[in-house]
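Please examine the sequence and the structure below before reading on.

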Amino acid sequence: MRGYTLKLFWWFWLTAAAAGFAHHMTTMIIEGDLFHEQMMANVREIATVYGERLAAREAAEGAEKAGEYMERLRRDHRFFGFLFDEDGKELLGQRSPDTVQRLAEEARRTKDAVIRMERGRPVFAVPLEDHPGLVFAGRMSNPYFERRSIPALRLVAAALVAGLLSWILAVRLARPIRTLRGTVQRFAAGELGARAETIAKRRDEIGGLAKDFNGMADRIEALLQGQRRLLADVSHELRSPLTRLGLGLELLRRRSSSPDDEAFGRMETELERIDNLIGSLLKLARLEALEKPEQRTPTDLTSLLEEIASDAAFEADSLGKKVSADLAEGVHLKVDPALLRRAVENVVRNAIRYTPAPSTRSGDGGEIRISLARLPGNPRPIRILVEDQGKGVPPEELDKIFVPFLRVESARERTTADEGIGLGLAIAHRAVALHGGEITARNRLEGGLAVEILLPGEESTAR
């Protein structure tokens, strides 16, 4: 949800920054002119006062005393001034800049004060009324009289504050959505009891969305539970007539004049398939009703997988295929051995089924690999990997292979009843989930499918 959070943040931050910048510029424009006019009037008044005092001191005490007074103004008030007579001569013996001389000449010619801004500081030239013919000119370096520029530091600080507040607001707004998304993901992963109870207490649109999700989840959970109960009940009810049908078929064979007729064998095969299907349905329904394995015992996973690999090798050999095993030594874990065996066997049989027999020309193919390894530092440190050399599965359908009753397009051919409707891997998925593990599938670069089972928990020390 970081994308949504960032979108909220950028919108809030840009809005706040734009509003702050517009406010600042408006203030600068409105107040800037007023400040400039007031500043010019103050410069003229102060320059006139200081100029009259300086001219009076020069007339009464001479240029030296007047120069001392001017030095004090320069030192204490950063006021730089020059006194010119009617011929343009500086009376205090100071070397005046050309700019100040020209300004004094303009004031003498116009007989009015001249005040301008140069490099952000006011420069002035004022004719002295009490001392006709004299002009006091110079510049002021007092910060009060300097033109105010755009305060970049204040703008940066305002932008940072706006950014911080916008980020906090964006995170607060996005947090319930992230929480709701996590709840939806848990529900989609099979945790049918997942609900957004806390968010549903909110009195806003997000709270309304959470309430709608809770209502939808309640409905879906009720439908799925009803479906599971129906499957379990129907499967259970079918067992008895199916058993009687098998007995009836056996009696019919005995009474038949041709007990070896191919039709009897065909019917028995179909009855066996139906029986396997019902058994798988009952198994899946029972697993779906559990929240954890019925029993957990310290189990030697290495030995368990060796047995599975041995059985699978015997089955694969009759098809011209082979099974190889690469198993870490001494891996022990507390699991339900029968349940885990069923899960791994279903995956391995699926790999055998879709792995083609080796080519007579190249000798390639026909191998199923089973591996067991430790993954230090992983939250699920025990990995079981089953790899085949089949055609693989279309990437967009990889997640479907673990969903009951769903088969991908590449798996249309049927061999047994439960395999044909896609219950083998669904049972494996549920069995692994009950152990707190994770089962995923991916296509191998070399071709074929790799099914990975990750199991959590510390290894059992019991042997």
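Helix α11 is followed by G436, a residue with a positive phi near 80 degrees. Helices (H or I, at least four residues) are DSSP runs, numbered from the N terminus. This is a predicted model, in which local features need pLDDT of at least 70, side-chain atom pairs count only at pLDDT 80 or more, and totals for chains, interfaces and linings use all residues. Residues are numbered from 1 along each chain as its sequence is written, and side-chain values use heavy atoms, with hydrogens and water left out.

**Helix α11**
- Helix α11 spans residues 424-434 and is mostly covered, with nine of its eleven residues buried; buried means under 20% relative accessible area, exposed over 50%, and partly exposed in between (1.4 Å probe, protein chains only).
- Among the buried residues of α11 are G424, L425, I427, R430 and L434.

**Residue A63**
- A63 belongs to helix α2, which covers residues 63-77.
- A63 has a relative accessible area of 30% and is therefore partly exposed.
- Leaving aside residues up to four places away in sequence, A63 touches E58, L91 and L92; contact means heavy atoms within 4.5 Å.
- The C-alpha atoms of A63 and L91 lie 6.7 Å apart in space, although the two are 28 residues apart in sequence.

**Helices α8 and α9**
- Helix α8 (residues 301-317) packs against helix α9 (residues 337-354) at an angle of about 35 degrees, and their axes are 10 Å apart; axes are lines fitted to C-alpha atoms over the stretch in contact, and angles run from 0 to 180 degrees between N-to-C directions.
- Residues making this contact include L301, L304 and I308 of α8, and P337, L340 and V344 of α9.

Conventions
Helix = DSSP H or I, 4+ residues; strand = E, 2+ residues; numbered from the N terminus.
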